Amino acid sequence: MSKATTVIEGYVARDAELVFTDSGIARLNVSVPHTPRKFNKDTNEWEDAGETLWTQFTLWREEAQAFAELLTKGTQIRVEGEPTLRAWSSGEKSGTNHELKFARVSIIPKEERARRGG
């Protein structure tokens, strides 16, 4: 048996979406993007160096309600979980979603961001 864990650090893309299932269970949907960057020595600036990877995860029940007001656009977080890919198609468009199951979330405090240079 093997176990895979992925860790993502980044900024919440938009305010987390708290919804309730028909049976009243809280569900919080969150997205964190990552765009590879590289330093351009000619311009002395950082620039995008590839496609943006969007990672989604879902929190449930009490955890969903506890994080609902905390995971707003721009909040820096660390999330880890079991990676999974889900293919989708809608009309002529299709793609793959990168999702983390069994997610564990930590908010990175502003003080720590300042120490890290972020």
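Phe 39 counts as partly exposed at 38% relative accessibility (buried is under 20% relative accessible area, exposed over 50%, partly exposed in between, with a 1.4 Å probe and protein chains only). The model is predicted, so local features need pLDDT of at least 70 and side-chain atom pairs count only at pLDDT 80 or more, while totals for chains, interfaces and linings use all residues. Residues are numbered from 1 along each chain as its sequence is written, and side-chain values use heavy atoms, with hydrogens and water left out.

**Aromatic pair**

- The count of aromatic pairs comes to one (rings of Phe, Tyr and Trp, the last by its six-membered ring, pair if their centres lie within 6.5 Å; planes under 30 degrees apart count as stacked, over 60 as edge-to-face and the rest as tilted).
- Phe 39 and Trp 46 form this edge-to-face pair, at 5.4 Å centre to centre and 65° between the planes.
- Trp 46 counts as exposed, at 53% relative accessibility.

- Strands E4 (residues 37-40) and E5 (residues 45-48) pair in the antiparallel sense over four bridges (strands are DSSP runs of E, at least two residues, numbered from the N terminus; two strands pair if DSSP finds at least two bridges between them).
- Lys 38 stands opposite Glu 47 in E5.
- Four residues lie between the strands of this hairpin, and Asn 44 takes a positive phi near 60°.
- Arg 37 forms a salt bridge with Asp 48, the closest N and O atoms being 2.7 Å apart (a side-chain nitrogen of Lys or Arg within 4 Å of a carboxyl oxygen of Asp or Glu).
- Arg 37 lies in E4 and Asp 48 in E5, so the pair ties together parts that are eleven residues apart in sequence.

**Salt-bridge network**

- The structure holds five salt bridges.
- Glu 9, Arg 78, Glu 80 and Arg 104 are linked in a network of salt bridges.
- Within it, Glu 9 and Arg 78 approach to 3.8 Å between their closest N and O atoms.
- Glu 9 is in strand E1 (residues 6-11) and Arg 78 in strand E7, so this pair ties together parts that are 69 residues apart in sequence.
- Arg 78 also meets Glu 80 in a salt bridge, at 2.7 Å from N to O.

**Buried positions**

- Ile 77, in strand E7 (residues 76-90), is buried with a relative accessible area of 0%.
- Ile 77 touches residues including Ile 8, Val 32, Phe 57 and Val 105 (contact means heavy atoms within 4.5 Å).
- Glu 99, in strand E8 (residues 93-107), is buried at 16%.

Terms used:
Lists of a residue's contacts leave out its neighbours within four places in sequence.
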